[in-house]
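Could you walk me through this model in my viewer? I would like to know what to select next and what I will find there.

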Amino acid sequence: MGQGLWRVVRNQQLQQEGYSEQGYLSREQSRRMAASSISNTSHRKQVQGGIDIYHLLKTRKSKEQEGFINLEMLPPELSFTILSYLNATDLCLASCVWQDLANDELLWQGLCKSTWGHCSIYNKNPPLGFSFRKLYMQLDEGSLTFNANPDEGVNYFMSKGILDDSPKEIAKFIFCTRTLNWKKLRIYLDERRDVLDDLVTLHNFRNQFLPNALREFFRHIHAPEERGEYLETLITKFSHRFCACNPDLMRELGLSPDAVYVLCYSLILLSIDLTSPHVKNKMSKREFIRNTRRAAQNISEDFVGHLYDNIYLIGHVAA
């Protein structure tokens, strides 16, 4: 009873002094929000070596600056990071506004090496007047020429000093480039078996499961659409390279390059059988094991079964 009367009297005193519980709480919340705002502002000012980036992004000197901050107002490292996300076309457009920034050699060097991972000229002393922007234009022109005529494209790269006249250098260029038309590339490799040999040796299949290694191989060197001498050549070269990369596994399983060749051919036929809509009666796992072991008798049944499961779950090895 006494405690209840004390609370009533105390609340009346607080109301008279203007410190009701609700008002007191709202003032506490206001103080906390203000402190949090000051903390966030100070944190922003600490970013980028004390420069207030938040203020730069939010403040505009005039209506003409609305839409995007002037990159010249930012630290050079931040400006280059933003421009590094642009492709060549957008970077050329950006150079019309920020000429010094967008023409920086590091940006164009990154564009060249991200698209064409290997060129002989990368490892040479640059000639007088060399620029990576000019090199990018030459690489792009040469790739378009290659996709129209492979021989002329390679000759163009050599005439500009971009590639050395060496099968190994040409193979490295093809291996690290993704802008070349795969149909034209297949024709070129069929004619240049010396380049094909060096291209195969660039693959590392160590500790890879056979179907996965075959998929990686055909991602770089596309398989022909029809069976023939070129497909047999590719499988033969792959079989020898796979055995060279996995000598311990070959001894453990008792496999030779000829046995790997048989397995690769079986995997390609199985891939066609399981993925083709024209084949109604799909090959069963038991049939695949029986047919494969009949061609390569030293292979264990479990290993062949795992090969079937991989194709059944992941798909075609040469798609």
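Start by selecting residues 1–6: in this predicted model, their pLDDT stays under 50, and the model gives them zero contacts beyond four places in sequence. Now move your selection to residues 37–51. Here, too, the pLDDT is below 50, but this stretch has 12 contacts in the model beyond near neighbours in sequence. A word of care for both stops: where pLDDT is low, the predicted coordinates should not be read in detail.

Next, colour the whole protein by pLDDT. The mean is 79, and 68% of the residues reach 70 or more.

Switch to a cartoon view.

Is S271 buried or exposed? S271 is buried, because its relative accessible area is 0%, and the cut-off for buried is under 20%. To see what touches S271, show the side chains around it. Leaving aside neighbours within four places in sequence, S271 is in contact with I311, G315, H316 and V317.

Of the 319 residues, 35% are buried. If you draw the contacts with a separation of 6 or more, 57% of them join residues 24 or more positions apart.

Key
Residues numbered from 1 in each chain as written. Predicted model: local features only at pLDDT ≥ 70, side-chain atom pairs only at ≥ 80, totals over all residues. Heavy atoms only, no water. pLDDT = per-residue confidence, 0-100. Contact = heavy atoms within 4.5 Å. Buried < 20%, exposed > 50% of the residue type's maximum accessible area, 1.4 Å probe, protein only.
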